[in-house]
Amino acid sequence: MALDQFVSRRRLLQLMGGAAAVGTLAACGGGNGSSSSSKGQLKVIGVGDQEAGLRKALDDYKKAHSDFDFNLSFAPADQVQTALRTQLAGGNAPDIHVVYPGNGSAMSMAQLSKANLLADLSDQSWTQKIPTGFKGAFQNDGKTYIFSPGSSMLGAIYNKKAFATAGVEPPKTWSELLAVCDKLKKNGIVPIALGAQTPWITQLIDYALVPGTVYAKTPDFDDKMIAGQASFADSGWADAMTKYLELQKKGFFNDNPNGTTYEQATSMVGTGKAAMAVQVSAVLPAFQKAAPSPDDLGMFPFPATDVEADNWIPGGVVVGIAISAKSKKADQARKFFEYLGQPDTVNTWAQAVACVPLYSDGEPKVDPVLKPFLPYLKDNKAVPFMDQRWPNAEVQPTHFAVVQELLGGKTTVQGALKKMDEAYRKPA
Amino acid sequence: MTTVVTSVRRDAAKASRRRGGVAPPWLFAVPALIVYALVVLYPALSGAGSAFTDWSGVGAQRSFVGLDNFTQLFHDDQALGALRNTLFLTVAIVVVQNGIGLLLALGVHTGIKSRMALRVIFFAPVVVSPVMVSFLWKYVYNPAPDAGLNAALNAIGLGSLRQDWLGDPSLAIWSVAFTVIWQCAGYSMVIFLAGLEGVPQELHESAMVDGAGTVARFRHITWPLLAPAVTINVMLSTVGGLTLYTQIIAMTNGGPGYATDTLSTVLYKQAFVYGKFGYSTAVALVLAIFVAAVSFIQIGYLRSRETTA
């Protein structure tokens, strides 16, 4: 009974001591809150895919400008959504931070610029060089808010040794792809590594197929979707998803793709246990790290149809960076962005992340791995990543989820596309 | 007469201080209450207002939408699916975790020599961060035939039982529930152990003299006197189950598809992935009210069946 109402003096002192200790510890922990940017450093946060290019650009700029200093950190793409959005909401965003081009994600240029969280970069000279076809990824209401070094290609990253073992060459049509996969499988090699437990991986095969099944026939599909004249369910998306499932039904993926992560799939291709993975070129360096030699790996456009001319490719503006509208060091950041916009810097960053530079003086320096994609760019057969024109941030995660459900046998192609259509029609 | 009463009261107070100590002044609680109000109450109440807006979570733009977010919640397949998953996980965790915790407590409350070591072993997972435990089990649940649990099944000749533990939509929620139970059963055990320590040995001895067997003694002595421990364990595991988040995000991110989404992961995704902070706050409010209601009803029932020795 006494315990409910009374505490002995000794216990009281113990409790007070404990509270003091906790207070002291909390105070120690609070030390992290002092921003390094108070020392004059520019605070920069990027995603892992950007590291090679962004770090080099910052290092090079710092070497040339002794008064410039920065504090750079990276986070996996999934964590950026949480950490950065919390900082943005709290009004303490880093001076420079990762932003996704176009629309379709909660961290996209369109969504953040609508909320007045990004600095207008339109007065920077490099913005005049943005190719017309890419402006939608960089601009909202005619103002430029993001810098990106160029466009990433989406296709199959393949292990040349695995292909040689099976005696196959990169396919050019859907039927050839199925034949190649069949031969690889008969040689005991997993044809396509799929780490669908990592949400963003789920979308890539659809993205690789849809340019051929949708945009080659209906180049203005996005405009029709916005106008309400088209839907996922009644379009070539159904064909793409059916083909996605066909690959699974024929046993061309690793066992249990829903239980396999991106990292495991990367390792499978790097080591030759699997022959290929459908991926963006920006992650090629990660695959090369997993391989005995970087030269073991190549890329080819992933064919969607049996008509070679209809096999368009997805080529989207790669994830970029922007200046926070509330940055107190915006002047420094703007000078750095002018430096980024120089063709040499664009080229260097683009090469580091295996993408095609946004523009260049003369012949662009392109990673030889990307050469099979260049004719498609020249012939205007490249389509931006689909989510970049989706009107809200709900369609993309819905796409992730329905693909996992499809792979798990929990829904049908029409059921999956109906959910995507419902998400598309929701208000932004 | 008055002098006598006063004297008696003074003596009683002295005796009370000698016996139990002093009542701590309420003033001592003020700093903690101020911190609690600033860190918990103020953000919670100011955040609750967002449930009636269409705020995206960033920027200043927001419009009042009345009860729209709540109306949408009750027509949202994802949220309703998450509610089903949440209830399933809660029931599984409450029943199995406490059942195992009780068995472990009864086991290590005996006179076996290794009981102290076993207590430490069973309690050890509790002190590990849930994120670390989740990553550990994600490794154990690796679907490859030559890794983790599947490899172990192969090694003992049960290869036919190999599964895609986290990738199969029908199995993933069971795998997550097992992980949570594995980690938290030791916690329930400790609370039950504390309850068992309070059961007077004389009662058992008397019952034994009267010819009561082990089961009868458990049923008529141990179990009724364990009621306070049952109350605490059921309450804690219910609240833990209803608000389960860390293990889900770390192991499955709510997938495959929506198979392991809970109300907590849905409210996180709505706020940070879909950019719908207003709707997310509505989900959070409903969850908070639901947890409070369940806890209130539960504690009322469980307290009513508590007895003392």
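The legends below describe close-up views of a predicted model. Local features require pLDDT of at least 70 and side-chain atom pairs pLDDT 80 or more, whereas totals for chains, interfaces and linings use all residues. Residues are numbered from 1 along each chain as its sequence is written, with chains lettered from A in the order in which they are written.

**View 1. The contact between chain A and chain B.** Chain A contributes 34 residues and chain B 28 residues; two residues are in contact if their C-beta atoms, placed from the backbone, lie within 7 Å. On the side of chain A, at least two residues each come from elements including α2 (9-30) and α17 (395-407). Helices (H or I, at least four residues) and strands (E, at least two) are DSSP runs, numbered from the N terminus.

**View 2. The two domains of chain A.** An automatic or database assignment sets the bounds: domain 1 spans 40-149 + 318-359, and domain 2 spans 154-313 + 387-424. Their C-alpha centres lie 28 Å apart. Across the boundary, 16 residues of domain 1 are in contact with 14 residues of domain 2.

**View 3. The open sheet of chain A.** Four strands follow the order β2-β1-β3-β11 with mixed pairing; strands pair if DSSP finds at least two bridges between them. β2 (70-75) and β11 (320-323) stand at the edges with a single partner strand each, so one side of each lacks a neighbour in the sheet.

**View 4. The pairing of β1 and β3 in chain A.** Strands β1 (residues 42-47) and β3 (residues 96-99) pair in the parallel sense over two bridges. A:Val44 stands opposite A:Ile96 of β3.
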